[in-house]
Structures are given as structure tokens and as C-alpha cells.
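Q: Please take me through the reading of a structure, one feature at a time.

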Amino acid sequence: MHSLNYHKASNASEAARLLSGTEDGKFLAGGQTLIPAMKTRLAAPSDLVDVSGAAELRGINVSGREVTIGAATTHAEVAANGELRNVCPSICDMAANIGDPAVRHRGTIGGSIANNDPAADYPAAMLALGATIKTVSREIAADDFFVGLFETALYDDELITSIGFTAPAAGAYAKFPNPASRYAMCGVFVAKGDGGVRVGVTGAGADGAFRAGDFEAALDGEFSAEALDGLSVRAEEMLSDIHGDGVYRANLVSVMARRAVAAAN
Amino acid sequence: MSEGIGASVKRKEDKRFITGKGKYTDDIRMENQAYAAFVRSSHAHAEIQGIDASAAEGMSGVIAVLTGAQLTGDGIGNLICGWAISSKDGSPMNMGAWSALATEKVRYVGDAVAVVIAESKDEAQAAAEAVDVSYSELPVAASIVAALADGAPDIHENAPGNVIYDWELGDGDATEAALASAAHVTEMDITNNRLAPNAMEPRSAVATYDDAEDHYTLYSTSQNPHVARLVLSAFYQVAPEHKLRVIAPDVGGGFGSKIYIYPEEIVCLWASMKTRRSVKWTAERTESFLTDAHGRDHVTEARMGFDADGRIVGFKVSTKANFGAYMSLFSSAVPTYLYATLLSGTYDIPAIHCEVLACYTNTVPVDAYRGAGRPEASFVVERLMETAAREMGKDPAELRRVNFVKEFPYQTQVIMNYDSGDFEGNMNQAMEAADWAGFAARKAEAANRGRLRGIGMACYIEACGIAPSAAVGSLGAGVGLWESAEVRVNPVGTIEVLTGSHSHGQGHETTFAQVVAERFGVPLDSIQIVHGDTDKVQFGMGTYGSRSGPVGISAIVKACDKVEVKVRKIAAHLLECNPDELVLEDSQVKVPGTNKALGWHEVGLAAYTAHNLPADMEPGLKEGAFYDPENFTFPMGCFIAEVEIDPGTGKTDVVKFVASDDFGVIINPMIVEGQVHGGIAQGVGQALLEEMVYDESGQPVSGSYMDYTMPRAEDVPSFVVEHHNTRCATNPLGIKGCGEAGAIGSPPAVINAISDAIGNNDISMPATSAKVWAAIQASGTGMAAE
């Protein structure tokens, strides 16, 4: 690891101020992606501004069916929150299966979606839940947030503060993990909300997380696994790597979508 | 007795391991220690146009930047291969030069070009990144197919077409004639996937040069420190043997990958002399993937012929073996004398012919990895047997039963002479433990749950303790494969056993002590096993090929024989009895039924006080021995795997695994069971998960744990480990060895179970979920048998 300057921010505005004074600084939340990249010398920021200790960025608030999750809230906190589980167990279950215990106790929801790894779990959940990503300066709908592989609508140095969504009436996440990394080779989050059914897919798409529109339409008609019979995504639009080609991943999308719907019912 | 042979005593070494008190090479801190960081090629094949170290040399903490030109200029020799193999036509193998630091060309991603020595690891790494190497890229051949294709780039000048050797074993004409007359011939194309060894402890070296004494000390993660010293001295000209001490302290796993003397150890020794500093290097995990010798990587075409009764009449095997960019220390022996010689399997096969074409590729060198040739042979034989049974509509177990070797000694058509065994007994035991007869009901029950269940068997045989030295010498080995031991009884009766075997997880400190405790009738705690230091142990050939039990322990037994003779003479003299009347037990040397007895410690004291010894007897109680085995040993076993497959995703779960092994006499059943567990887990990893993948440009694709899948606890079931042992007929305790068996027998058992489950014989390792799902699609419903 290259040497660097470390700063600890106590709130969001201080974090922004600290970062603005650096040559090539980065925000550090849980560090579960950034730190390994630094250890293998693939990333070498001049400065790290640690936001994990900023109280205003942490915590889960549930009011009726309205949910707000602070950006620096860890996966383990999401997994274990009883109030959240009462209204939206699917996101708790999803968070409980990210990575391993060490990752879940350091990694954060804000860090995950800001990184937008095409195989991360949270982007599928954000899309399916129709979440709003709140930053220091604005609110961005999930549908507009995930732009491409590791690309988001965030400006340079724009810090996510929280995520908000309305808990769906029913929902579930079905994941087929990559055998090595345990990221998703395909993860499908299905949510039946007031505005209809939304299906978020991660791990499979060549351009990152996406919504399966055909699946949503079918499930709007009938929310059952059978409603998806005969439907599939296009193999040529899927990722292909040593763990599985596009045809296999397209199959996984269909299989995991059915299993998610079955689990949600 | 409770601590002797056959007792599952807890491992003496584990207290320090599980309390973090183990002392590994990276734990060694020398007073004036500096750090090495290697400048490595990011190209798979390129000419080195120039190396500009000027920026690096000016950086903070940098002591020196050293290159291959300086290394060769100082007379450091090229790396060697220790086993000479000749081609069919009698020509010697085409061995290309391998310099510890590349000079003219780089030949794989990770090839070391230069080294930075600096005050800290971070400074060394930062400066290594600043060394500017200019390359002229060359065409790349990163696979067997690419390397042997017309127009492939020559990786070494003296190996046209990238061929190292084109070797054969057995009777080609007789085999072809037998196959032509066969009632049924089964043909298969088989790939044995390339594996990265992934020892828990990365390789590490700490080298110190003492200029006052002109003496070198190397701490190293080695499975065989004496071989390392010999090779470093005799071939690399680093230092003469008496001026070089090699210490392999606690070592955290090797699996073969720490047999070899790598460029890094050579460079650290040389750099310590150049800089007059102790030089430490410890691989990061990425470097381990890039530079540890990989395993396997064979492609094979095989044909097995049967008569109308299902008896094998002939077996033809043509294998191409990937050696990587350079010939590693034992690489040449792996696909020849450790592979083709096991192709008779557990069967009486009247005609066998094996051809092996070894080739260079632009990948990291390939060498022995847990099993080394024998897993590849076992996989070919047992896949053919299972597939042949299905093709002929026979029960796979019965087909094996008909063909088993039943009388011993048995001379195979491929050199090996099996001394002992009861192959049918192991198969019967495994089938009973696995409830083979009840499988159909389990398959039906799984089908009700929407799961495809399959059962697969493998009856492996392997060969441990390469031997005898004269025979391996005649086959091209550059070393003898004996082992040495010294047994020192101290004046107070405690015992030190010095062994040339090296323990890097095997539990020698316990099992070796158990043998001596039983032999002399003394407590286990009174015995200390000393290994891993060339200044303490005079010589040894180290630990690999499951040789520490059959060869290392046999040397200890031989030294104990000599000690016992002297103990009996001393005691007989003092007790005024016949030496043959004496019994050694309960820490006494005594004549049963009489009051004639001496404490064990009294004999020791008598030997060292020398006040009253038999006439002409020298004082002291210390004996050494060299043991040269008369034959390999032949552990065998029957493994049965059951799998369940999710047809929607192709995910395979190994739900049941039964092993029935014949390891001969077992010293510590608990440790042996642990070896079997680890071996099977490794074999399941090869069968389902692990593969070192390079792309066409020679870039490693699975060079980290994000893409290289190591087996986890949840990937394996709770194993059922049984034994049906027959004594080895050729060594004193009847030991066969157990270190590799699990990894040898399990891949074919798992793959046979998958092919049974999905009704498709065309499934290769690793049987990833994607591959299994595709094979299910190819076989239609996946539920049909054929």
C-alpha cells in the first residue's frame, strides 16, 4: 500500500470540506472494496476521508412504511434491524447474505451503491424498491442513479447521505453467488409495491444492474412464478466470464426471478 | 500402549500453532534486515530492451537495484530440472535456460526481471514500480493447443515447436493389437485442470551473509531444506555447502509448491552478499498466484478395450502436458514416472501404452502438486472405467471387481510392482458404508425434491516414497531418494530424533515420536523430533510424495535398531544376563519374571558415564541410519461420492463422501483421518471449483480469490473415513503413506457422480455450475440415463 493522509470526518459537510482540500482524495466508508484495491496497489488515493464515524450518516429510521437508511449504515446493521424487518424483511435478508461477517460489519450501503459494482447486491434492491438516493446536494431516483459498470450519477466528490424508500407489500431477493467472490453472479430483487411490481437484477447484466421490464409487466398481471413462464432476458446483453457465459446468466435471471417471486408470496 | 503405534494422541505441535506461537519464516527478524521487492514482467512473452533503474535508485530507502546481468555476471547459475527424460527417439529433453532474473526475454507474467533492496517493504515496492523496463512484445502461446499449433512462437530457442520431450512407456504394438481385437472400446478426451497450490503461508525467504566467515544462512519456506542447500550450492554456485545453512522453520503448508528452489531464494542469498544486509522477501498472495509452481494441466486422449466378459484387454493413453515457461525442479518426472506408471490402476491390464508430449507455454512453471501425476492417472483410469461400464450396461462396481488385481506381488505393464493389497475388500467396505444398494431410493427421493442425485466410485492406487535410489537413478533422477535419521539418547534418557523429513503440517513431531516411544517403551513427552535445519540434521531428502511415513520413519526405525542393540548390550552387561532376554517397556530395560531391571535413564547414564561398559564399547548412545527403500509403497482405496444437483442452476452439492483406504500400518489414526479430510477437500476443489485460467495473451484471469475458487467448509460434506489395511511388504513397519490419497481418488469419484446424476459423460473439471447446467441442457431432460 502506498502511503497516504488519513482524515476522520464527524459529519457530512466536514467530510466534503476535508476532501476538497486534497490532491486525489477519496471518501472511505467501510473500505471493503477500496482497501483491498489499495493493498494490491491498484488504487492509490493521496488522502482518505473517513466518513464511517459521522453519526448523521448512520442509522435506520422507520416511520410507517417509510424507510430511511443512513449511508454509513453497515450491512450487519441493516440485517439485524427489527423495525426494518417488520416492514421490509427482504432487504434485511439480502444484507445478511452480503460477503462474509467481516464484510457485513464494515461494509456500508452508501459505499456499495456509490461503487456500483455490477455484481453488488444493493443496486438490485435499490432498483426494485424504487429507492431515492439522497446526497449532500440533491435527491436521485435509483432508476437514474446506476449509469453503468462502476458508474453512477454522482458528481465527483458528491457524498451520499442516506437512502429512502417505501416498504413494498411483498418482496424477496434470490441470489446465486459467484463461487469465489460470493458477489452475485445473478441476484434478482422482486418488490410488489403500490406502483406495481419492480424487478431489479444484479450480477448478470453487461452494463450493470438493471430492471427486467418484461418480468415486471408479467408479474403486474399475476404475481406468481408461473407468470414468468417463457420469459427471459437477452443472453447477449449479459456478462460473460470464466464463471458463466451470457446464456447461463440469462438462465440464472429467469431461475432466480422465479425463486424470488415464490419466496415473496 | 496408549501413546504408541495406533494411538490417536493429540498433536504435540498444535499448542504452538493454535496459540499463535508458531515461528514461520516471515516471523524471523534479523538485526540489519532489508526488504526485497521484485520487478516482474506484465507481459507473457517479450524481449527485454533495457532496464532503467535510475529513478528507483534515487528513491527513499533504496539500497540497491539488481538485475539479471549482474546476477549472471557474478556466476550465479541457471535453475535446474532434477530428472532427465529422453524422448522416444533417444534424444535428450529440450531444456531452456532459466535465469533467476530474466536477462534477454521474459516468458510468463510474473517472470522476475530485477530486484529492489530497500530499508522497508513499502519503499522496496514503491521503487520496484519505478524501475522502467522497456519490452518488445512477442507472440504468446499460453495453452497446450496454442504452443503446439503450426506457427506458434518458440518460447525457448532450443525447443523447436515448444516440445520438451515426446516420451513413451509400455508396448504400443501389443496395445493397438489388443484394442483392435476388443469387443468394446471406450474412448474419452480428458482434461486435467490447472491448479494453483495456495498454501496458507505464502513463500518467504530471509537470507544473511556473514562476510567475516564468508557464510550464508537462509531461512526459507521449504519442504526440503537439504535439497535446497545442495541445489543452491552445487548448481547455482551461491555458496559451497559447508558455507551455507538452510533452515526451514515452521512451514504453513506446501502441497508440493515448496519443494522447489525458486528464483526468489537464490536472489535473496545473492543480494545479501551484494548489499551486506539480511534480505527478506515474503510473497503477497498475488505473487503466490503468479509465481508458485502450478499443478496438473494435462489434456489426454484415452482408449480402453474390453473383451465380451468385460475384462480389460488394452489401454492406450496419449497425454499432452503443459510445463509452463520453464522446467521446474521435478517437472519432467510428473507426467512420466509418476503418471504413466500408475495407468494400470487397481486392474490387471495385459497391454498398456502411454505417450506423453511435454511442452512449454507462456505461463508459470508447472510441477508436482499434491499427488503429482497420480491424480492425473487415477482420473483417466477411473473416468474410463465408469464410462465403459455405462456404455456396456454393466454395474460400475462389478466391472471393477472383474478386473481387480487379486494376487500379489503383481507386476504391471508399466514398471510398477504392487506388493500388497485387497482391492475388493476396500470396495466392499466402501459400498457398505455408502449404502450403495440403497442409492436408487435416495435418487428417487431427491427427484421428488426436484434434485438430480448421482453416485460415483473411484478405486485409486498411488505410489509413495519414490524408490529405490538405484532404480530412479537409472530412469534419470538426479538424486537418490533415501532418507536419513539419527537417534540420540541423552544421559538422562530423553531422546532427540533428527530426521531429514520435513513437517509442514503433517504432524511429524507427534507420529515420529510415537514410533520411538513404542519402540523403547518410554513416554512420548521424553522424545523431541528435530528437523528442518541443515546445521542440525546432517542430510535428508525432505517431504513430498507421501514419503515421510514409509521412508522417513523407516530410517528412524533403522537407527532405533542400532540404538536398541547397544542398549541391550549395556543392560545385559550391567544386569549380567543375555541381551536377548531383555524387554524394553515402562521406561525400563528388564528381564521379565525376575528382579533384573534397569531404568531406561540408567542405561542412558551408564552409556555416558562410561564407568562400566562392556569391553571395547565406545561411550555414548547415538546412532544414525540411511534407509533406501526397496520399492515404492502402494496405498489404494475406494472412494464413493454422492452428489445432488439443482437442475435450474447446475449447482452441485457433494452430499455424501465415503473413503475406504488401505494405508498399511497406521501410526496415528486421527492424523491420518485429517490427511484424508484435507486431501478430499482438495480433490473436491479440483473437481468442482478450482482452475487457474490464462487468457490468450497469457494474462492470468483467475489470479486472486475473487476468481480462483478455493473449497470452503460448506462445499464438502462430513466425510466417512474407513480403513481396510494390508501391511506394506517392503518396509519395516508396513507403512504405505497417506498424504496424497484423498486428493488422488476424489476427483474421479465426484465427476463420476455428476455424470451419473445428469446422464452425460461429457463433463470436465472443474464442473462449475455453468458447465453442469450446460451439460444438463445437452443431455435433454437431464434425467435420462443415456
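**Helix packing, sheet and interface**

A: In chain B, helices α16 and α17 are roughly perpendicular to each other (a label for angles of 65 to 115 degrees). The model is predicted: local features need pLDDT of at least 70, side-chain atom pairs count only at pLDDT 80 or more, and totals for chains, interfaces and linings use all residues. Residues are numbered from 1 along each chain as its sequence is written, with chains lettered from A and ligands numbered from 1 in the order written.

Q: At what angle do the axes of α16(B) and α17(B) cross?
A: Two packed helices are described by the angle between their axes and the distance between the axes. Here α16 (residues 548-575) and α17 (residues 600-609) of chain B have axes that come within 10 Å and cross at roughly 90°.

Q: Which residues of α16(B) and α17(B) meet?
A: Contact requires C-beta atoms, placed from the backbone, within 7 Å. B:Val567, B:Ile570, B:Ala571 and B:Leu574 of α16(B) meet B:Val603, B:Ala606 and B:Ala607 of α17(B).

Q: What is the strand order in the open sheet of chain A?
A: Strands pair if DSSP finds at least two bridges between them. The order of this 3-stranded sheet is β1-β3-β2, with parallel pairing. β1 (5-8) and β2 (25-28) of chain A are at the edges with a single partner strand each, so one side of each has no neighbour in the sheet. Between β2(A) and β3 (residues 47-50) of chain A there are 4 bridges.

Q: How many residues of chain A are in contact with chain B?
A: In chain A 15 residues take part, against 18 residues of chain B.

Note on methods
Two residues are in contact if their C-beta atoms, placed from the backbone, lie within 7 Å. Axes are lines fitted to C-alpha atoms, for helices over the stretch in contact, and angles run from 0 to 180 degrees between N-to-C directions. Helices (H or I, at least four residues) and strands (E, at least two) are DSSP runs, numbered from the N terminus. Angles under 35 degrees count as roughly parallel, over 145 as roughly antiparallel, 65 to 115 as roughly perpendicular and the rest as oblique.
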